[in-house]
Amino acid sequence: MENALELLALSPPGWGGNLLRGLWSTFQIALGAYILGLALGLFGAFGKIYGGPVLRGVLTVYTTVIRAVPELVLILLLYYLGTDLLNMALTSMGFERMDISGLWAGIYVIGFVQGAYSTEVLRGAFHAVPFGQIEAARAIGMSAFTAHWRIILPAMIPFALPGLANLWLIATKETALLAVVGFSELALETKQAAGATKAYFMFYLAAGALYLMLSLASTGVFALVERRFRRGQPSQS
Amino acid sequence: MTDPASASGTAATLQVEDLHKSFGDLEVLKGVSMSAREGDVVSLIGSSGSGKSTFLRCINLLELPTAGVIRLSGEEVKFKGSGPNRVPADKKQVARLRSQLGMVFQSFNLWQHMTVLQNVMEGQVQVLGVPKAEARARAEAILERVGLYDKRAQYPAFLSGGQQQRAAIARAVAMEPKVMLFDEPTSALDPELVGEVLKVIRGLAEEGRTMILVTHEMRFARDVSSEVVYLHEGRVEERGAPDEIFTHPKSERFAAFIQNTH
């Protein structure tokens, strides 16, 4: 037991510091990807609702393909394809090839996947807003922008939050898949620590505990947010 | 009524001429005209399917009329295209005219994520650009008048139907509209809550507001209206001063209608 605690110590020769750094990377990627996913999701949802046939078609391909292909495959595909395309663009414009930082690549890859799910969550939330709320906004003379910003988006949030909370938890766990492209987030740090010390069970248990902490804290935050946005609705209990 | 030829010379606040509306092949309004001068209360009555609600919703363009002219204070709503492809030509004009037409819906349609006070302030601040403090003061005064000052911090879902409708009326009044449009304001209410809403509407009529009212409350229409318009299958079947047409109906259909609803 004493031996185990030494292995988990924050400074070398303990591996605890590595694990925490991994957790911090995981959190940063998840947060960045989630925000990117939300932005893509907003664009995707309103594109599907108001867009012309071409835009709607493109978005349908996006959400269908992304949701159909396993995440691990997508991550490999998007990571190598994305970095290759970027470098091809750079070299064709006469710039040097560059190494893309694992952090930004991770955010881009997972965010792109999240965007497809967010699109559907937000589109569903839009359709759940009672039409009378929108009519009242139009009838009082609001511009389309004001009606969306002041009435429709806030009315969508209570319907979107359960789905969006799920997506956040999925984002935190999806970061583990980035280990396959060699980005040192929590899963890869754990693997290295475990491999170097042969204390597999303990390190994976520690990693599991860290993921659990992250998810419990997130659930708490989402419960607060949800309570705030549901304040206009009588409790169902 | 004045001579229709000089209609543009009269000071009609709201004027609708020969309004048509079709949904696909179904023609719901087959040429309905009306006008209201300042202070007029015009009640639209008729059985369901007569087109009275559709007519009202055409006035503020929640439905787009397929033909016809709408003028508010002499300003004509601009359209482009024709028939089912006829759309407003100027979105800014539509928004501005809507802000001058206070709409009260059958199902209240208060914004659920805002308190009663915020609902009444919202249009003033976001549409009219009234400073918040001023909008709040005006909203509180109006809520006081409709008897909801104590409920101003509540969310709509926690209020009774009658309270919600009074809040919705306050929201419309706060815009200081030129004309108020009521779309069956008491039809969604429990019978015991109808009275409190009618009382508020009567108060507004008595202070000289111009109103168009779609209603099933015959006695109320008779009491508050300066003109009653009876619609049947998308046409005006009978119209006139309430005391006159209710006591001496000219059309048999209207006579039967008031027999059945009294």
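Predicted model: local features only at pLDDT ≥ 70, side-chain atom pairs only at ≥ 80, totals over all residues.
Local features need pLDDT of at least 70 and side-chain atom pairs count only at pLDDT 80 or more, while totals for chains, interfaces and linings use all residues. Residues are numbered from 1 along each chain as its sequence is written, chains are lettered from A in the order in which they are written, and side-chain values use heavy atoms, without hydrogens and water.

**Terms.** On a 1 Å grid over the protein atoms alone, a cavity is a set of points where a 1.4 Å probe fits but cannot get out; a pocket is an open set with protein on both sides within 12 Å along at least five of seven lines; lining residues have an atom within 4 Å of a point. A volume is the space filled by probe spheres set on the points, which are joined across faces, edges and corners.

| Space | Volume | Lining by class |
|---|---|---|
| Largest cavity | about 80 Å³ | eight nonpolar, two polar, two charged |
| Second largest cavity | about 60 Å³ | eight nonpolar, one polar, one charged |
| Largest pocket | about 750 Å³ | 17 nonpolar, three polar, six charged |
| Second largest pocket | about 630 Å³ | 14 nonpolar, two polar, four charged |

Ala, Val, Leu, Ile, Met, Phe, Trp, Tyr, Cys and Pro count as nonpolar, Asp, Glu, Lys and Arg as charged, and the others, Gly among them, as polar.

**Cavities.** The whole structure holds two cavities of 30 Å³ or more. Residues lining the largest cavity include Ala136(A), Ile140(A), Arg98(B) and Phe105(B). S8(B) gives the largest share of this lining, three residues. Helices (H or I, at least four residues) and strands (E, at least two) are DSSP runs, numbered from the N terminus. Around the second largest cavity, the lining includes Ile59(B), Val94(B) and Arg98(B), and the largest share, three residues, comes from H2(B).

The largest pocket has 26 lining residues, and Trp149(A), Leu153(A), Pro154(A), Ile157(A) and Phe229(A) are the closest to its centre. H7(A) contributes the most to this lining, eight residues. In the second largest pocket, 20 residues form the lining, with Arg138(A), Met142(A), Ala144(A), Lys91(B) and Arg98(B) closest to the centre. Here H2(B) supplies the largest share, five residues.

**Surface patch.** Leu72(A), Leu76(A), Tyr80(A) and Val180(A) make up a nonpolar surface patch with about 330 Å² of accessible area together (Shrake-Rupley method, 1.4 Å probe, only the protein chains shown as cover). Patch residues have over 30% relative accessible area and no salt bridge, and nonpolar side chains (Val, Leu, Ile, Met, Phe, Trp, Tyr) are joined within 5 Å. A salt bridge is a side-chain nitrogen of Lys or Arg within 4 Å of a carboxyl oxygen of Asp or Glu. Leu76(A) lies in helix H4 (residues 71-92) of chain A.

Conventions. Patch = residues over 30% accessible without salt bridge, like charges linked within 9 Å, V, L, I, M, F, W, Y side chains within 5 Å.
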